[in-house]
Amino acid sequence: MTDETWGAVRQELLKAVGQSNFTNWIEPLEFAEVQDGVAFFNVPTPFMGNWVSRHFGDRILAEISKAGEDVRRIEFNVRSSAAAPHPASQRPAAASPEAAASAADPAPASDDTDLPGAPLDSRFTFDSFVVGKPNELAHAAARRVAEGGPVAFNPLFLYGGVGLGKTHLMHAIAWELQARQPELRVLYLSAEQFMYRFIQALRERQMMDFKQMFRSVDVLMVDDVQFIAGKDSTQEEFFHTFNALVDQRKQIIISADRAPGEIEQMEGRIVSRMQSGLVVDLHPTSYELRLGILQQKVEQYRGQFPNIQLTDGVLEFLAHRITSNVRVLEGALTRLFAFGSLVGRPIDMDLAQECLTDILRTMDRKTTIDEIQRKVCDHYNIRISDMVGPKRQRALARPRQIAMYLCKHMTQRSLPEIGRKFGGRDHTTIMHGIKRIEELKGTDSAIAEDIEMLRRSLEA
Ligand SMILES: Nc1ncnc2c1ncn2[C@@H]1O[C@H](COP(=O)(O)OP(=O)(O)OP(=O)(O)O)[C@@H](O)[C@H]1O
């Protein structure tokens with residue numbers, strides 16, 4: 001496609017989308033080239049690329065086709081030299097303390113201040129989030145917060161095991177808020193980045209700037225907050241930031257790998273603040289949700305690998321066997337598509353078995369709460385009904401606590417889930433049991449040996 005053709009297409013787009021949309025979204029696009037049926041455009045920010053793609057992608061493609069060009073897809077690349085207008089998507093994430101320190105600048109705290117957040121992943125939108133029973137509540141809460149307007153619950157606290165979509169939902173909220181209210185100052189960062197920013201501000205005597213900057217945001221999102229557990233001064237600062245924002249009725253969204261009350265070494269006052277809004281968890285995925293996610297991914301891959309055949313039953317097989325987390329599931333599918341396209345084979349059961357041996361083997365080894373309970377009961381010669389029942393004598397209570405401890409360390413289950421499997425016990429009882437064993441392990445070598453033996457036999 002020549003620049004002239006793009007010029008003509010732009011005129012058509014102006015008519016189709018109206019002056020204001022055109023000025024905001026189409027005019028800043030810089031046509032780069034067409035390669036193998038893909039038209040590439042430069043955009044100033046990932047946010048813009050994502051927005052244009054979602055809202056005007058089809059229209060642009062249609063107009064280009066009408067102009068007689070053989071373009072099947074359009075892609076947006078971020079032009080590194082261009083100024084990025086929105087804070088949350090401006091800076092690359094700092095990968096290490098050193099990187100964080102060198103990437104930081106002592107920013108003056110005004111409304112024009114750059115917010116040193118992490119970039120948002122353009123793939124993590126509500127459109128690409130598959131909703132199922134295990135995550136419907138978290139999704140609904142995230143949607144509600146993303147609508148903006150008066151703060152409904154503060155903070156929104158999302159928690160769940162590894163790779164279940166917490167970061168995805170947070171980014172989706174940020175994208176949506178930015179799209180609805182571009183003037184909002186949305187800051188997304190990990191708790192780790194918060195800590196490094198804080199340490200750096202201390203070191204460089206920029207605390208006032210640090211405080212003002214964090215207090216000047218409209219929406220603060222902190223991912224993986226469990227990271228600051230045990231880090232007292234960071235927690236203290238986080239607490240003040242949190243309170244200042246809540247007082248100003250600014251929205252706060254927090255994620256963690258467990259419920260607020262389960263984060264050990266997190267100060268009580270922070271825990272209770274985090275519990276004061278809406279706490280929702282992402283449950284482990286169900287078969288249906290996994291299948292839905294795979295189907296959606298396949299749709300995406302169709303564009304990238306148009307010629308690959310996918311045999312019936314493969315997705316069902318993956319959804320059935322890969323139960324740990326969505327990241328592993330996605331990785332498996334990516335590997336199949338990559339491998340299939342490299343060797344020119346259809347994706348069938350043979351290819352899946354061949355390519356995914358390692359993942360499938362790990363899945364087979366996955367330990368369940370039931371197995372742990374059975375093993376521990378066998379070892380101590382007690383009945384399952386006594387293990388999950390109410391009796392409190394030590395001969396039963398100790399093996400029960402050991403089983404709780406192993407469940408915590410050998411499965412991905414949350415404390416409430418473990419509690420349910422232990423006759424409906426409360427998560428605080430489970431936490432107490434685990435703590436007790438952690439203490440005993442240090443003082444009672446017989447218990448330490450038992451645990452080690454049980455662990456080895458469960459892993460075998
Ligand atoms: N419901 C879903 N629909 C579509 N994709 C999903 C869903 N849940 C998770 N994913 C995908 O799984 C991957 C892992 O998700 P994400 O990074 O959000 O997990 P997380 O809960 O933040 O994990 P961690 O504890 O490691 O930070 C991402 O690629 C994300 O897009």
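Tutor: Helices (H or I, at least four residues) and strands (E, at least two) are DSSP runs, numbered from the N terminus. By that rule, G163 is found in the loop between strand 4 (156-160) and helix 6. The model is predicted: local features need pLDDT of at least 70, side-chain atom pairs count only at pLDDT 80 or more, and totals for chains, interfaces and linings use all residues. Residues are numbered from 1 along each chain as its sequence is written.

Student: Is G163 buried, exposed or partly exposed, and why?

Tutor: A residue is buried if 20 or more other C-beta atoms lie within 10 Å of its own, exposed if 12 or fewer, and partly exposed in between, with C-beta atoms placed from the backbone. G163 has 19 other C-beta atoms within 10 Å, so G163 is partly exposed.

Student: Why does T167 count as buried?

Tutor: T167, in helix 6, has 20 C-beta neighbours inside 10 Å and therefore counts as buried.

Student: Which residues does T167 touch, not counting residues up to four places away in sequence?

Tutor: Two residues are in contact if their C-beta atoms, placed from the backbone, lie within 7 Å. With residues up to four places away in sequence not counted, T167 touches F124 and D223. Leaving aside neighbours within four places in sequence, G163 is in contact with N325, V326, R327 and V328.

Student: What does UniProt place at G163 and T167?

Tutor: The unreviewed UniProt entry places the feature "binding site" at G163, G165, K166 and T167. UniProt positions are given in the numbering used here, feature names are shortened, and annotations may be inferred rather than shown by experiment.

Student: Why does I253 count as buried?

Tutor: I253, in strand 7 (residues 251-256), has 26 C-beta neighbours inside 10 Å, so I253 counts as buried. I253 and P155 are 98 residues apart in sequence and 5.4 Å apart in space, C-alpha to C-alpha.

Student: What makes a set of residues a nonpolar core?

Tutor: A nonpolar core is a set of buried Ala, Val, Leu, Ile, Met, Phe, Trp, Tyr and Cys residues joined through C-beta atoms within 7 Å. Of the 70 residues in the largest nonpolar core, I173, A174, Y188, M221 and L318 touch the most other members. The largest share of this core, 7 residues, comes from helix 6.

Student: Why does this core lie between domain 2 (87-282) and domain 3 (287-358)?

Tutor: Both domain 2 and domain 3 give residues to this core, so the core lies between them. The domain bounds come from an automatic or database domain assignment.
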